[in-house]
Amino acid sequence: MNSQSTVQTQIEFKRHTLSNGLEFVAECNPDAVSTGLAFFVRTGARDESAELSGVSHFLEHMLFLGTKKFPEAGDYGKYLQTNGGYSNAYTSSDITNYHFQVYHDAFEGALDRFSQFFIAPLFTEEFTKREMNAVNSEHQKNLQNDTWRQRQVCRTLYNPTHPANNFSTGSLETLESIRRAEFLDFYNKHYSANQMTLALCGK
C-alpha cells in the first residue's frame, strides 16, 4: 500500500498600522493564483448632510476618472484588463469599498495606479454630468429591487433625523445642486489615511 504525504501550505498573516494611521492586514499565501486588494474608507451616506445627498457614491465614481500621474480616464481599467484583472467598488451607509484583482507580476503597476486615487485625483469636470447620469441609473435600477424596497420600508421606522435615513445612492435631483467646492471639501475631510484600511492577499 502506497502512502501519500500531503504538504500543507503555510499561510502567514501580517497586521500593522502605519504612522499616518492607515491600517492594513496582509495574507501571504504561496498558493494564491493572483493578488487581490480591498480598500475600505470609513465614510458613506451617514456622513452626508441633506444638501450633499449622494455625494459619497458620486465621489466613488469620480475617483476612477484619472489622476495627476495617470491622467487618462480609462488607464486603470485597461491596465487591469490587460493583466488578467478586474475592479469594482461600492458605497454603503458607513463604508466605501474599492477592490481589484490582478496577476502577481502586475500588482505593483496596479497598486501604483490605484493609490493615486487617494493622492492626486483629477476629478475632471468634463465627466461630471456623465457620472451623475451613471449614479442616477443605479438609483432607477434600485427602485425595482425588492431588497432595496425592504430597506426603504425599514427606514419608515427610524428616527427621521438619524443618519440611517440618508439617501445612499444619490440621483440627478440631489447631485445637480452640489457645488464642486463642496464635493472637494467632502473628499478632503473624509478621505484621510486614519479613515482607511487595506486588506491584501497574494504571494
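Contact means heavy atoms within 4.5 Å, and helices (H or I, at least four residues) and strands (E, at least two) are DSSP runs numbered from the N terminus. The model is predicted: local features need pLDDT of at least 70, side-chain atom pairs count only at pLDDT 80 or more, and totals for chains, interfaces and linings use all residues. Residues are numbered from 1 along each chain as its sequence is written, and side-chain values use heavy atoms, with hydrogens and water left out.

**View 1. Buried residues of helix H3 (residues 107–115).**

**View 2. Buried residues of helix H4 (residues 128–142).** Glu131, Met132, Val135, Asn136, His139 and Asn142 are buried in H4. These residues fall within an arc of 145° seen down the axis, so they line one face of the helix. Helices H1 (55–62), H5 (146–155) and H6 (172–175) are among the elements covering them.

**View 3. The open sheet of six strands.** The strand order is E1-E2-E6-E3-E5-E4, with mixed pairing (at least two DSSP bridges between two strands). Strands E1 (12–17) and E4 (86–91) stand at the edges with a single partner strand each, so one side of each has no neighbour in the sheet. E3 and E5 pair in the antiparallel sense over seven bridges; Tyr98 in E5 is the bridge partner of Phe39.

Key: Buried means under 20% relative accessible area, exposed over 50%, partly exposed in between (1.4 Å probe, protein chains only). The expected span of a helix is 1.5 Å times one less than its number of residues. The arc is that of the directions from the helix axis to the C-beta atoms.
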